[in-house]
Amino acid sequence: MLRFPIYLDHNATTPCDPRVVEAMLPFFTQKFGNAASRHHPFGWQAEEAVDRAREQVAALIGAEPNEIIFTSGATEGDNLAIKGVAETYASKGSHIITCNIEHKAVLDVCKHLEKRGAEVTYLPVNTEGLITPEQVEAAIRPDTVLIAIMYANNELGTVMPVKEIGAIARKHGVLFFTDATQAVGKISVDVNWDTIDLLSLTAHKMYGPKGVGALYVRRRNPRVKLSAQLHGGGHERDIRSGTLNVPGIVGLGKACEISALDMDADAERLSRMRDSLETALLDLEGSFVNGSREHRLPHVTNIGFKGVDNEGLLMGINKEIAVSSGSACTSASLEPSYVLKALGLGDEVARSSLRFSLGRFTTEEEILYTISKVGETVKALRELSFS
Ligand SMILES: *Cc1c(COP(=O)(O)O)cnc(C)c1O
């Protein structure tokens, strides 16, 4: 049985996996202790749960547990990584390399630092939505302190050449930070294989709860130093003060454990459904895929429908199907997506695109319904505009 509305906006957020909720529940009631309480079993119990979650998160990305700092999500992780490095390494220089389709949580931090004297190079992506390792290498200067390139883009689903970028960063002795929010739990990510020094992730994009995430900070070869952005009780090795969100952290840990187990099967199933959705929608005249189809997450497709305004398209389908026209953070504005414009698309073409992001609980039936509903609506809008 189909249930409406159908949710195909998993890059904005995901539902909690019931197994995650189950793991979290005791930590709201019986096991409510403060993980920093050293003198009684309530605290020990909470601390033990946090330690276990730290292992689960670390295991998913090939890190050591003591390299994981819990945060309130990827926005905080992005801020902490970039500002923390910029402050700590200010004596070496203040040049940062990033790219023009990063999430706003990276771009706006860079803009903020520019106002305070930092220099930032925003590498332009090509028409596929990718930057090349050569672009990164050519941008490195003696005063470069950080390369910040996302693992996978939230609007396009495209996956950057992270391993090559990591190798270049290491060769030049520059730290490499990646916002891996969309990649972790969906494709295999390993901080050592990819030579990553800092990495942010968030629970709510991987079937965990909102408001909790983690920042990986490398402790060996090299040992990355980070100045705190939140000062207080000295939690998280003095890098991120504030009472730990124990239920959230337990949920994040469980979400990581489940993702590690289910990743391959999920990716296989979702890419099959994504491909059939994409193939069917590409059969409509004048439709096209935005971004590389080769270097891409398994569950995402961003499709443009030439001559169709996505506002009208969304109005036509959004009672039954939840998708988005850009990222959740910028979709409130009528501005065309800066990510699509970075691919070289004009405003009108950029405004004709929709992002479909499938998830763990998406069914074949939902995809079949989406194919017919989007198809009908696109055709109806085309007829309107030609009559
Ligand atoms: C969702 C997202 C963020 C923000 O994560 P929050 O946990 O919601 O703060 C950052 N970067 C990317 C690439 C995202 O997709």
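**View A. Packing of helix H2 against helix H7.** In this predicted model, helix H2 (residues 41-61) packs on helix H7 (residues 246-282) at an angle of about 35°, and the two axes are 8 Å apart. Axes are lines fitted to C-alpha atoms, for helices over the stretch in contact, and angles run from 0 to 180 degrees between N-to-C directions; helices (H or I, at least four residues) and strands (E, at least two) are DSSP runs numbered from the N terminus. The crossing of H2 and H7 is left-handed, a term used if the near helix is turned anticlockwise from the far one by less than a right angle. Among the residues of H2 that meet H7 are Ala46, Ala49, Arg52 and Leu60, and the H7 side includes Val246, Gly253, Glu257 and Met263, where contact means heavy atoms within 4.5 Å. By class, this contact has 13 nonpolar, 3 polar and 3 charged residues, with Ala, Val, Leu, Ile, Met, Phe, Trp, Tyr, Cys and Pro counted as nonpolar, Asp, Glu, Lys and Arg as charged, and the others, Gly among them, as polar.

**View B. Surroundings of the ligand.** The ligand is surrounded by 13 residues, of which Thr75, Asp179, Gln182, Thr202 and Lys205 are the closest; a residue is near a molecule if one of its heavy atoms lies within 4 Å of it. Helix H3 (residues 74-88) gives the largest share of this shell, 3 residues, and by class the shell has 2 nonpolar, 8 polar and 3 charged residues.

**View C. Polar side chains at the ligand.** An N or O atom in the side chain of glutamine 182 is 2.7 Å from an oxygen atom of the ligand, and the side chain of lysine 205 likewise places an N or O atom 2.7 Å from a ligand oxygen. For histidine 204, a polar side-chain atom lies 2.8 Å from an oxygen atom of the ligand.

**View D. Local backbone features.** The peptide bond from phenylalanine 4 to proline 5 is cis, with omega near -5°, and proline 5 lies in the segment before strand E1 (6-7). The bond from asparagine 221 to proline 222 is also cis, with omega near -5°, in this case with proline 222 in the loop between strand E8 (213-217) and H7.

Residues are numbered from 1 along each chain as its sequence is written. Local features need pLDDT of at least 70, side-chain atom pairs count only at pLDDT 80 or more, and totals for chains, interfaces and linings use all residues, while side-chain values use heavy atoms, with hydrogens and water left out.

Conventions: A polar contact is a pair of N or O atoms within 3.5 Å; within protein, one must be able to donate a hydrogen and the other to accept it, and residues adjacent in sequence count only if both atoms are side-chain atoms.
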